Amino acid sequence: MFYDEIHSYINNQESLDLIDKAYAYAEEKHKDQKRKSGEPYFVHLLSVAYELAKLKADPKTIAAGFLHDVIEDCDVPVDEFIKEFDEEIYGIVEAVTKIGKLKFKDEKEYQAANHRKIFIAMAKDVRVILVKLVDRLHNMRTLQYQSPEKQKSISKETLEVYAPIAHRLGIAEIKNELEDLSFFYLDNERYHEIARMVESKKSERDNQIKEMIEDISHILKEHNIEFRIFGRSKHLYSINKKMVTKNKRFDEILDLLAIRIVTKTELNCYEILGYIHATYRPIPGRLKDYIAMPKMNMYQSLHTTVVGVDGRIFEVQIRTEEMDQIAERGVAAHWSYKEGREMPKRGSKEVIKELEWLQAFEDNQDNQEYMNDIVHDVFNANIYVLTPKGRVIDLPNGSCPIDFAYRIHSEVGHQTVGALVNGVMVPLNTPLKTGDVVELKTNKNSTPSEDWLKIVKTNNARNKIKAFLTKKENEKREESVKIGEQMLKDEMRKRGVSVDEFFDKDKFEKIYPIVQANNYTDFMYAISVKSISCISVIERLVKLGKKEIDPETLAKLVAKNKEKLSNAVSKSGIVVKGVSSMKINLAPCCAPVYGDEVIGYVSKGAGIKVHRKDCPNVLKDKARLINVEWDANKPEIKYEANLKIYSKDRNYLLTDLVTVIAQYKANILAVNVVANREDLTASAAITIIVSDLNQLNTIIANLRKVESVISVERAIK
C-alpha cells in the first residue's frame, strides 16, 4: 500500500532508491524496539512515511519520516547519519527531534499561543512541520495504549497546538482528525453524545442529500458543465464547537446537510453558483467568496446556503479540482512533489512568500499590524533555546550562554565557566539562536566577571551579576575595615596611646573632614590600604583630647548666631544662613532639585544634608533640622531626580517614555524596567538630570500623558 502510493507520483529511480535506503536503515536501527501496543516500532515510522506519501511529499521528506527518531532513539552519530544521507535530511530530522523535546515547567509557563510560536520559530521549514504533524497524527491514532493522564495531556496539546497549525497550513484532513481524536479523549461522554445524534439522523440525512445531489446534477448536466458532486460530513468536534460557541441546538446547525461540487475552472464555479441561486432560494448573508479573497491558509471555494425541497437547508461548496486538493491537503498540495522539481528550500523567497500565514496565529480582520507585531515578537525580539532535557527557555534576541545560565538559576549563572551549544564548546559571548540546545559547564569556585556586564542582554542577568559583584565588594570592604581597625590599634599600643580612651567612633567623626573620609567604613578602609596614615590619625586624636562637639549643640549655636555670621552658598546652590565652613550636600534619598521646598539636617560627621521638606527621613529627629534655602541667583548646576512610573505593559513603552524625556532636554542617568507577566503591568525606575523644578514638573506632566501610563511619581529611596 505504501509503495503503491509512492509509485503513483514518483518514478525517478534515484528518488525511489533514497526512499528504499531510508526504509531499510530505519527498519534495521529500530529492529529491537517495541511500542506500548507491543507492535514493532517500525510500524509507526512506516505509517508516518505513508501519510507523507498521501500528501505527495518529496522523497527527502518521506526519507525524514522514516528516519525522524533514529538519532534520538538509536544513538546514531550525526556524522554517520550525514554520511549515509545528507545535511538537508539531517536538518529536517534534527528540527523534528528538537520540537519533540519541548517541555514546559508548569501550566503558567505553558501557553498554547507561545507553544505554537516556538514550534514555528524552531521549524521554519514547512517540511519539518509536515513530518511533525503526521507523527502526532499516528500517535493520536494509537493513544489508547497510554495512561489516562497521558491521553488527556497529549490530547490537550494536540487540540491547542497541532490542530491549529494544521489549520493554518490548510490541511483539513489532518486538522479534522486531530480535533476529533482529541475530543474523544478530552470529553468522551460528549463525543459519544454528538456521535449518537449524528448517527440517529444519518439515514434521513443521507436520503435528503441524495435527492438534492440528483436535482443539482440534472441542472448541471443540462448546461454541459463537467463536475463531481458528493455529500460532505461535518466532523464531530466541529459540530460540538458550533453548538457551544454559537449556542445552537444540533438541528439548528445549517451545514449538517452539506454538498460539495468540484468542477474544472473558476468560471465553472461561478456558473454553477448562478444556476443554484436561480433554482433555490439563497439565505441572505451566507454567501462567501473565498475564490476572489482566499483565506490566509490558501483555501479557495464558494460557499452558499440555500433552502431546498420541503424547506430543508443545505450548505453548498463549489470549487475546482486544484482548490479541492489545497482545501484537503493545504500547503502540502500546493507544494506536491513533481518529478524534476524539488520542494523549496528553507529561507528561499518562495518559502517566505508561501509562509506568510505563519505571521498570524489568531484570526484578525485588520491583521497587518498584528502580523508585524508577531514577526517582531517571534523572529526579531525573542529566541527559544532548550536545556538538554528539552525545557524551553525564551530569551531576547542576541542573548548568550550567560543570559541562559542566569535564567536557569542565579547560582548556576555565578558558577558558569563554559557552555556547549548543540554539543560544541563555544565562547560565553556567543549569540544563541532559536532551537539551540545549551549545556552549561560550572565550577563551584568560580565567580562572575565584571566583563560579563558588557556581553549579557537580559536585565535579569545584569542585575544578578551587579548584585554579586556589589556583595563581594562589600565583603571585601568589611574585611578591610577589620584590618584597618587592627592596624590602628596596633599603632596606638606601639606609641603608648590608650586604645580604650582614643579608639572611639565618636572621636573619629571629628577628624573625618580633615582626612577626607565620609564615614567609619571609608575611614577604616583608607587606613587598611594605607591612604590614611595611622600616625597622623593618632596625632589628631590626641590633639583633640577629650573635647567633643555635640552636633545638637552645634545646631543650637548656629540658630543663636545666624544673624551674626555670613551666609554660605554650597556647590549645590544652597544658602545656609549662619554657616560658612560646614559641608553641605543634597540628600540622595529624596534628591531635591532647585525650586523644591527644602530643609537641612545636621548629621554626625557628614555636615548638613539637604532634604525635601516632604522627605520622611527628616521627620525622625526634628532637633537636628536647620533652615536652608536656594540661592536667589540660580547657579548653573544640574540635579538628579528619581522617577517611579507605573503602567500597563505594552510594546515600545520604554521607547515612548525615553522620547518624552528627550523632548524636554533632560539626560537619563539610569533606567530599570520590570514587567509583571501575571497582571500585564510594568514598573519603571528612571533617574534623570534636570536644571530645576519647573523642567522636572513639565516632564512629569507629559509622561503622565503617555499611552497606558497609570502614574508618575518622584521616588524616595
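The buried residues of helix 11 (172-186) pack against helix 9 (126-141), helix 10 (148-169), helix 12 (188-200) and helix 14 (236-245). Buried means under 20% relative accessible area, exposed means over 50%, and partly exposed lies in between (1.4 Å probe, protein chains only). Helices (H or I, at least four residues) and strands (E, at least two) are DSSP runs, numbered from the N terminus. This is a predicted model, in which local features need pLDDT of at least 70, side-chain atom pairs count only at pLDDT 80 or more, and totals for chains, interfaces and linings use all residues. Residues are numbered from 1 along each chain as its sequence is written, and side-chain values use heavy atoms, with hydrogens and water left out.

Stay with helix 11. The buried residues there are I174, K175, L178, E179, D180, L181, S182, F183 and Y185. Helix 11 has 15 residues and spans 21 Å from its first C-alpha to its last. That is close to the expected 21 Å at 1.5 Å a residue. The expected span is 1.5 Å times one less than the number of residues.

Now step back to the whole chain. It holds 28 helices and 22 strands. Of its 717 residues, 47% are buried. A contact means heavy atoms within 4.5 Å. Among contacts with a separation of 6 or more, 65% join residues 24 or more positions apart.

How do helix 23 and helix 24 cross? Two packed helices are described by the angle between their axes and the distance between the axes. The axes of helix 23 (residues 505-515) and helix 24 (residues 520-528) come within 10 Å and cross at roughly 70 degrees. Axes are lines fitted to C-alpha atoms, for helices over the stretch in contact, and angles run from 0 to 180 degrees between N-to-C directions. Helix 23 and helix 24 are therefore roughly perpendicular to each other. Angles of 65 to 115 degrees count as roughly perpendicular, under 35 as roughly parallel, over 145 as roughly antiparallel, and the rest as oblique. On the helix 23 side, K505, F508, I511, Y512 and V515 make the meeting. They touch Y520, F523 and M524 in helix 24.

Charged pairs come next. Side chains of opposite charge can pair when their charged atoms come close. A salt bridge is a side-chain nitrogen of Lys or Arg within 4 Å of a carboxyl oxygen of Asp or Glu. The whole structure has 32 salt bridges. One of them joins E5 and K56, at 3.4 Å from N to O. E5 lies in helix 1 (residues 2-7) and K56 in the loop between helix 3 (42-54) and helix 4 (59-67), so the pair ties together parts that are 51 residues apart in sequence. K56 is partly exposed, at 21% relative accessibility.

Further along, K441 pairs with E439, their closest N and O atoms being 3.9 Å apart. K441 is partly exposed at 33%, and E439 is partly exposed at 37%. R704 and E713 also meet in a salt bridge, at 4.0 Å from N to O. Salt bridges also link D58, K60, D86, E88 and R127 in a network.

Finally, how confident is the predictor? pLDDT is its confidence in each residue, from 0 to 100. The chain averages a pLDDT of 81, and 84% of the residues score at least 70. Over residues 546-551 the pLDDT is below 50, and this stretch has six contacts beyond near neighbours in sequence. Residues 553-569 also stay under 50, with 26 contacts beyond four places in sequence.

Note on methods: pLDDT is the predictor's confidence in each residue, from 0 to 100.
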